Amino acid sequence: MADIRCPHCGGEIPKGMRFCPHCMTALVQTEKVDIKQTAGRKKFFAAAAALCACAAIGLCAYFIIAHTGNESSSQSKNTDTSVSADVSNAFSSVQSSESESKAEKAADKNALAAKLKDWCSANNPKYFGISSADDITQTQDADTTTLSFTDKSGAAVTIQTDKDTVSGIHVRIGHVSFAENEPHAREILSALGEVLFGADLSGKGSEFTENGYAFEIAYRQVSELAYAEYDISAKKL
């Protein structure tokens with residue numbers, strides 16, 4: 001039984017046919033179906049394109065983040081290595097400086113002047129003292145450094161150090177009264193002992209050991225010339 005008629009010729013069209021069997025006219029419903037199918041395909045392709053775009057954006061973001069992370073990690077590693085090297089060098093420097101004797105550290109007129117001025121500021125001596133590094137003469141002979149100066153009360157001081165950690169100090173104090181030499185000598189021996197060896201040498205005997213050094217002190221008076229002399233040798237043990 002026919003359900004519809006052809007809009008063109010009016011003939012009956014069996015149910016389910018897409019064109020008129022009388023005039024071969026295509027039915028309107030077929031066009032609608034085709035339009036819907038075409039629209040569905042367009043939506044499908046649009047959705048697929050959107051998904052591809054999202055995937056591409058995601059991949060780009062991933063590679064950018066990964067690259068940035070690698071650079072940060074590399075910079076961090078480089079910084080860590082640099083810091084480790086700095087710490088290692090600093091530690092080596094400290095170890096090296098600790099292995100040196102105080103006399104070796106002071107074997108420079110600027111260093112010696114600074115240390116002597118610090119000692120004078122802390123002890124406020126009556127006789128001993130220097131104004132600046134310009135008061136000190138420094139000479140170098142092979143492995144021996146010689147530092148010479150005259151303090152504010154006229155005492156002549158000569159200090160020698162060499163690579164074998166043997167240090168020699170010669171002090172000449174000239175006064176008319178030898179009684180005035182004693183307090184002056186105590187100040188000199190205290191200052192030089194503490195600055196160079198970390199040991200107070202005033203009032204000590206001729207031979208003794210202190211703070212890792214073996215000391216020998218020789219003293220003599222020259223009455224006719226009104227001066228006294230001290231010769232001190234110090235060897236690091």
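Start with the whole chain: of its contacts (heavy atoms within 4.5 Å) with a separation of 6 or more, 39% are between residues 24 or more positions apart. You are looking at a predicted model, where local features need pLDDT of at least 70, side-chain atom pairs count only at pLDDT 80 or more, and totals for chains, interfaces and linings use all residues. Numbering runs from 1 along each chain as its sequence is written, and side-chain values use heavy atoms, with hydrogens and water left out.

Next, switch to cartoon view. You will find four helices and nine strands, taken as DSSP runs numbered from the N terminus (helices H or I, at least four residues; strands E, at least two). Follow them along the sequence and the order is β-β-α-α-α-β-β-β-β-α-β-β-β.

Of the 237 residues, 27% count as buried, meaning under 20% relative accessible area.

Then select Glu182, Ala185, Arg186, Leu189, Leu201, Ser202, Gly203, Lys204, Ile217, Tyr219 and Tyr230, which line the largest pocket. A pocket here is an open set of points on a 1 Å grid over the protein atoms alone, where a 1.4 Å probe fits, with protein on both sides within 12 Å along at least five of seven lines; lining residues have an atom within 4 Å of a point. Its volume is about 180 Å³, the space filled by probe spheres set on the points.

Finally, colour helix H4 (181–197) and strand S8 (213–222), each of which supplies at least two lining residues. H4 gives the most, with four.

Definitions and conventions:
Buried means under 20% relative accessible area, exposed over 50%, partly exposed in between (1.4 Å probe, protein chains only).
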